Amino acid sequence: MLDIKIPRATAKRLPMYYRYLSGLHDAKIKRISSSTFAEAVQVDSATIRRDLSYFGALGKRGYGYEVDNLLDFFKKILNQDHLTNVALVGLGNLGQALLHFNFHKDSNVRISAAFDIHDDMINTVQSGVPVYDVKDLQEQLRDQQIEVVIFTVPATVVQDLCDEAVNGGAKGIMNFTSKRLSVPKNVRVQNVDLTNELQTLIYFIEHYEGE
């Protein structure tokens with residue numbers, strides 16, 4: 001990402017903006033107004049204009065935004081102009097689903113190495129991705145220069161594996177377990193608790209229906 005200091009809330013919205021603009025580009029739409037943009041991504045137009053203002057004059061008043069220009073800009077700030085390799089640790093049901101999906105089909109992110117403990121998986125190729133013994137996690141991350149790791153393992157072992165990943169050079173962790181990880185300050189953790197997200201959704205359906 002470019003060396004621009006932006007609020008955390010803005011940073012979280014940028015990938016959503018990028019995905020929407022990619023769809024417009026594929027549909028050969030050349031220009032988009034902030035109001036149409038806002039309706040599509042369900043973020044008010046004032047917030048969109050404020051988010052984009054951190055990066056300079058990307059649009060024109062009364063004209064809107066040039067889709068291709070804005071998309072090219074987002075590719076740079078989100079590092080979408082080069083491929084990012086990711087490691088996946090744990091090939092249970094969720095891990096297998098992520099492996100079959102693989103992210104390079106929809107973005108410039110791909111799972112390039114997977115790790116597991118089971119002999120029938122180790123030293124095989126699953127969905128085009130080589131599977132290594134989890135004991136080799138630190139070594140392989142370092143050798144392949146992989147800095148992003150996804151964990152879909154039991155919560156009882158994830159901290160130890162996270163420590164191995166950090167020692168192997170990991171700078172970003174996506175954690176699908178319920179355990180909150182302890183990492184150095186220079187390592188970013190994104191927690192994805194599917195059970196909690198589903199319970200939150202059900203709560204809002206039951207208590208805020210029609211709002």
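Buried means under 20% relative accessible area, exposed means over 50%, and partly exposed is in between (1.4 Å probe, protein chains only). You're looking at a predicted model, where local features need pLDDT of at least 70, side-chain atom pairs count only at pLDDT 80 or more, and totals for chains, interfaces and linings use all residues. Numbering starts from 1 along each chain as its sequence is written, and side-chain values use heavy atoms, with hydrogens and water left out.

**View A. K30 pairs up with D68 in a salt bridge.** A salt bridge here is a side-chain nitrogen of Lys or Arg within 4 Å of a carboxyl oxygen of Asp or Glu, and the count comes to two. In this one, the closest N and O atoms are 3.8 Å apart. K30 counts as exposed at 53% relative accessibility, while D68 is partly exposed at 26%.

**View B. D51 pairs up with R13.** Their closest N and O atoms sit 2.7 Å apart. D51 belongs to helix 3 (residues 45-53) and R13 to helix 1 (residues 8-26), 38 residues apart; helices are DSSP runs of H or I, at least four residues, numbered from the N terminus. D51 is buried, at 0% relative accessibility.

**View C. Helix 1 crosses helix 3 at roughly 100 degrees.** The axes, lines fitted to C-alpha atoms over the stretch in contact, come within 11 Å. Angles run from 0 to 180 degrees between N-to-C directions, and 65 to 115 counts as roughly perpendicular, so that's what this pair is. Contact means heavy atoms within 4.5 Å: helix 1 brings T10, R13 and Y17, and helix 3 brings T47, I48, D51 and L52.

Notes. Helix = DSSP H or I, 4+ residues; strand = E, 2+ residues; numbered from the N terminus. Parallel < 35°, antiparallel > 145°, perpendicular 65-115°, else oblique.
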